[in-house]
Amino acid sequence: MAAGVNRKISAASARAHTRRAKQNTSSKFFSGIFPKILLVLFVGISAWAYQAIQPPPPMTCGSPDGPPVTAARIKLKDGRHLAYKEYGVPRDAAKYKIVFVHGFDSCRHDTVVAENLSPELLETLGVYIVSFDRPGYGESDPDPKQTVKSIASDIEELADQLGLGSKFYLIGFSMGGQVVWRCLKYIPHRIAGASLLTPVVNHWWSGLPTNLSKEAYQQQFIQDQWTLRVAHYAPWLTYWWNTQKWFPSSSVIAHSIDILSSQDKDLLPKIISTRSSYMSIVRQQGEHESLHRDLNIGFGTWEFSPLDLENPFPNNEVPVQLWQGDEDMLVPVTLQRYIAQQLPWIHYHELTGAGHMFPHADGMPDKILKALLVGEK
């Protein structure tokens with residue numbers, strides 16, 4: 001039987017071996033926990049990011065925690081409510097019945113052509129005007145399924161429930177002018193005449209020359225360019241972009257006067273004094289369901305372009321007019337001129353020295369209505 005071999009291990013070797021064992025144990029420990037730490041951080045950051053981009057639920061009017069219902073409203077086929085306000089002569093006695101569509105960050109009270117129209121003209125012509133809160137604004141229920149087309153259906157239902165007849169007139173201001181384009185596409189058979197007052201242009205509409213659209217787009221402040229870019233390319237980030245504090249967001253939402261022309265600034269005191277009594281109700285159901293959704297629809301991808309519209313009134317029996325100020329800093333006149341050139345059936349009115357708020361100028365509502373209703377130039 002062989003004898004065992006005795007080996008002597010030096011103290012230094014033993015210590016080195018122990019160190020290697022400890023190092024290996026430590027290395028395994030950290031290599032095992034580091035991915036877990038990364039995973040926890042990733043999950044935490046993802047959860048935070050998800051929460052940051054999620055808008056709060058709307059404060060729907062008439063709900064237990066929402067604002068009260070004070071306006072006259074109709075109930076649409078899908079169960080939503082549409083709030084409205086009436087002006088002028090009684091509906092049943094009116095010769096001309098007009099649906100007015102308000103602009104961005106506005107409501108049914110912002111019916112500039114009715115508020116500033118001379119009473120004599122209302123009576124003489126027999127004009128009835130109804131304005132309504134677009135979905136999510138004022139006291140109209142939000143429409144989470146809102147599309148480019150859906151607002152035209154809302155207007156048609158409003159007209160039917162109020163008994164405006166087979167045809168009615170349309171006037172839209174700013175973003176409300178965009179709505180008129182949609183109605184010309186989807187419900188032209190209901191339109192007796194239409195006026196688009198400085199309608200907002202979507203820079204991504206097909207048919208706009210790239211160089212012209214790019215030039216107009218770059219005339220805006222950088223934060224406004226980014227606001228529209230987010231609304232078009234990443235609408236799911238619109239709420240986050242307009243509520244984060246790291247970068248400046250929309251100057252329009254912030255009511256910056258730097259985006260106004262000299263005429264607009266002159267008109268501003270008049271506009272503020274008129275709006276002061278109801279400004280608090282405009283966004284009362286939540287900015288996401290009013291302002292942000294408006295941006296996403298208005299500057300998103302449309303299934304049609306106004307520049308591709310064929311004349312829905314080939315016999316020119318229905319007047320369609322577009323009004324634009326040549327010093328408008330929100331809607332560049334160059335884009336509007338091009339659109340008017342491509343659509344010769346549109347009667348184009350360009351106002352020298354006027355800005356975006358020209359409908360508030362003295363005498364303008366009378367001029368707009370006379371042109372639309374009786375063809376006065």
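Student: What does the accessible surface of the chain come to, and what share of that belongs to carbon and sulfur atoms?
Tutor: Keep in mind that we're looking at a predicted model. The accessible surface of the chain comes to about 18900 Å². Of that area, the share for carbon and sulfur atoms is 57%.

Student: How many helices and strands are there in the chain, and what percentage of the residues is buried?
Tutor: DSSP runs give 13 helices and 8 strands. The chain has 377 residues, and burial here takes under 20% relative accessible area. On that cut-off, the buried residues make up 51%.

Student: Among contacts between residues at least 6 apart in sequence, what percentage join residues at least 24 apart?
Tutor: Start with the contacts in the chain whose partners are at least 6 apart in sequence. Then ask which of them join residues at least 24 apart. That share is 78%.

Student: Is α4 roughly parallel or roughly perpendicular to α5?
Tutor: Helix α4 spans residues 150-162, and its axis lies 9 Å from that of α5. The two pack at an angle of about 80 degrees. Since 65 to 115 degrees is the range that counts, α4 is to α5 roughly perpendicular.

Student: Which residues make that contact between α4 and α5, and how many of them are nonpolar?
Tutor: From α4 come I151, A152 and I155, while α5 supplies V179, R182, C183 and Y186. By class, the contact has no polar residues and 1 charged one. The nonpolar count is 6.

Student: How do α5 and α11 pack: oblique or roughly parallel?
Tutor: Helix α5 covers residues 175-186 and helix α11 covers residues 287-298, with their axes 11 Å apart. Their packing angle is about 45 degrees.

Student: What is the handedness of the α5 and α11 crossing, and how do the residues of the contact divide by class?
Tutor: The crossing of α5 and α11 is left-handed. M175, Q178 and R182 in α5 meet D294, I297 and G298 in α11. Sorted by class, those contact residues come out as 2 nonpolar, 2 polar and 2 charged.

Student: Where is S261 found, and is S261 buried or exposed?
Tutor: S261 sits in the loop between α8 (238-243) and α9 (262-275). Its relative accessibility is 3%, and the cut-off is under 20%, so S261 counts as buried.

Student: Which residues does S261 touch, not counting residues up to four places away in sequence?
Tutor: We leave out residues up to four places away in sequence. What S261 then touches is E327, M329 and G355.

Technical notes. Residues are numbered from 1 along each chain as its sequence is written. This is a predicted model: local features need pLDDT of at least 70, side-chain atom pairs count only at pLDDT 80 or more; totals for chains, interfaces and linings use all residues. Side-chain values use heavy atoms; hydrogens and water are left out. Axes are lines fitted to C-alpha atoms, for helices over the stretch in contact, and angles run from 0 to 180 degrees between N-to-C directions. Helices (H or I, at least four residues) and strands (E, at least two) are DSSP runs, numbered from the N terminus. A crossing is left-handed if the near helix is turned anticlockwise from the far one by less than a right angle, and right-handed if clockwise. Contact means heavy atoms within 4.5 Å. Ala, Val, Leu, Ile, Met, Phe, Trp, Tyr, Cys and Pro count as nonpolar, Asp, Glu, Lys and Arg as charged, and the others, Gly among them, as polar. Buried means under 20% relative accessible area, exposed over 50%, partly exposed in between (1.4 Å probe, protein chains only). Accessible areas come from the Shrake-Rupley method with a 1.4 Å probe; for residues, only the protein chains shown count as cover. Angles under 35 degrees count as roughly parallel, over 145 as roughly antiparallel, 65 to 115 as roughly perpendicular and the rest as oblique.
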